[in-house]
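Q: Please take a close look at a single part of this structure, the sheet together with the helices around it. How is this part put together, and which residues face inward or outward?

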Amino acid sequence: MLKSGGGKKSDPEAIVLVIDDDDSVRESLVRLFRSVHLTAFSFSSTAEFWERRLPDVPSCLVLDVRLPGVSGLDFQKQLIGGSIEVPIIFMTGHGDIPMTTQAMKAGAVDFLLKPFREQDMLDAVNQALDRDRKRRLDRAVVQDLRRRFHELTPREREVLPLVAAGLLNREIAAHLGVSEITVKVHRGSLMRKLHAKSVPDLVRMADLLKENFSALATPGESS
Amino acid sequence: MLDEYSSAIVHIIDDDESVRSALQRLFRSVGIQARSYDAAQKFIAEKGAEVPGCIVLDVRLPGIGGLEFQEQLADFGINLPIIMITGHGDVPMTVRAMKAGAVDFLSKPFRDQDLLDAVASALARDRARRASDAEAEVLRERFRLLSPREQEVMMLATAGLMNKQIAGRLGLSEVTVKIHRRAAMLKMEAETLAELVRMADKIGRP
């Protein structure tokens, strides 16, 4: 749901998603964000939120801890469970410490007691959006690498860990029972497909792949 | 779970004597060593941070408040995980403590089990940090034993330069570069270039 749409030219650079069952709170928050040229969407419930198709751009959530139906903290758990990592800023009119601690431990960017200073909310939102931008960037790097890895032939995937280990072509050839020329061809091709400029480059890419996709451990290695 | 941490020390910093003794009793009852201090400065003076452990700290301390102390510890480079306790907490205080890295924030009166769980979490965090710091320190120690040339060659090789390029860069023959490279790998105890790259990255990190 959050990932639908892709990054279209018409999409805003970033969006703030407000969930609060109180109309006046929603409206004043949306006004606040628009006043600093932030695009904001608002929802009166989490159910409404799940139904909406949202642009795939840096985002953050601003939500009340006490929502009818689902509590803000349970919603946070649902997002985490669904691997949705949009940063969250909680608001509450009745803060209690266990709730605050729980929310912060689960990764909330901030927890603001109503009535809060507008600047505090804006600071929190900016911090949250920065966090999301960074997360999306890191994720894009990994996804890009994964795409390139999928372009490798099975043979190239066999050669990859041997090159990353620093073996000479001659040694790789002996190991695989092929000619040195064949190894050179595979090596050149896999480096090119992965956009690796050197063996250390390749090592770092291989490690990044392993970290993120243990199922993609290259053959010949234990993951 | 807590019995794995028999060598760790929980440092209790609270100006209320009854709290200090109650917590001492609690930790002793589960086999954890505890030391207590009635003021933040005393903890620093007694250098509590050198052994594995964590801190249980009251937010309202005379002299220096718990939150300022948390910041001061960071400035001193003291990395023990902190659990904040308070009799008069509020949301902004909680948020501030959590953002500054507190493991947990407990409001008095809290359940003993909640504190024990927080301490277990904190000690696990401390142990993990020490392990990774120790690893980095071992690597740095090995690196220090390399000759300046060997260090240069190692950093350039792990940056991706080929022997020929390193030779050109340093004004050495390729043969010399190979010798330095092999020596570096031996002294760093790296069996492959891949291992050397990972070591360089670990050393490179602050």
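A: In this predicted model, chain B holds an open sheet of five strands, which follow one another in the order 2-1-3-4-5 with parallel pairing. Its edges are formed by strand 2 (33-37) and strand 5 (104-107) of chain B, each of which pairs on one side only, and neighbouring strands of the sheet are turned against each other by 20° on average, direction ignored. Within the sheet, strand 3 (residues 53-58) and strand 4 (residues 82-86) of chain B are joined in the parallel sense over four bridges, and Val56(B) stands opposite Ile83(B) of strand 4 of chain B. Helix 1 (residues 17-29) of chain B packs on this sheet, where it touches strand 1 (9-13), strand 2 and strand 3 of chain B, and its direction makes about 170° with that of strand 2 of chain B.

Turning to helix 3 (residues 66-76) of chain B, the buried residues there are Gly66(B), Phe69(B), Gln70(B) and Leu73(B). These residues cover an arc of only 105° around the axis, and therefore they lie on the same side of helix 3 of chain B. On the other side of helix 3 of chain B, by contrast, Glu68(B) and Asp75(B) are exposed. The cover over the buried residues of helix 3 of chain B includes strand 3 and strand 4, as well as helix 2 (40-45) and helix 4 (91-99) of chain B. After helix 3 of chain B comes Gly77(B), whose phi is positive, near 75°.

Notes: Residues are numbered from 1 along each chain as its sequence is written. Chains are lettered from A and ligands numbered from 1 in the order in which they are written. This is a predicted model: local features need pLDDT of at least 70, side-chain atom pairs count only at pLDDT 80 or more; totals for chains, interfaces and linings use all residues. Two strands pair if DSSP finds at least two bridges between them. Helices (H or I, at least four residues) and strands (E, at least two) are DSSP runs, numbered from the N terminus. Axes are lines fitted to C-alpha atoms, for helices over the stretch in contact, and angles run from 0 to 180 degrees between N-to-C directions. Two residues are in contact if their C-beta atoms, placed from the backbone, lie within 7 Å. A residue is buried if 20 or more other C-beta atoms lie within 10 Å of its own, exposed if 12 or fewer, and partly exposed in between; C-beta atoms are placed from the backbone. The arc is that of the directions from the helix axis to the C-beta atoms.
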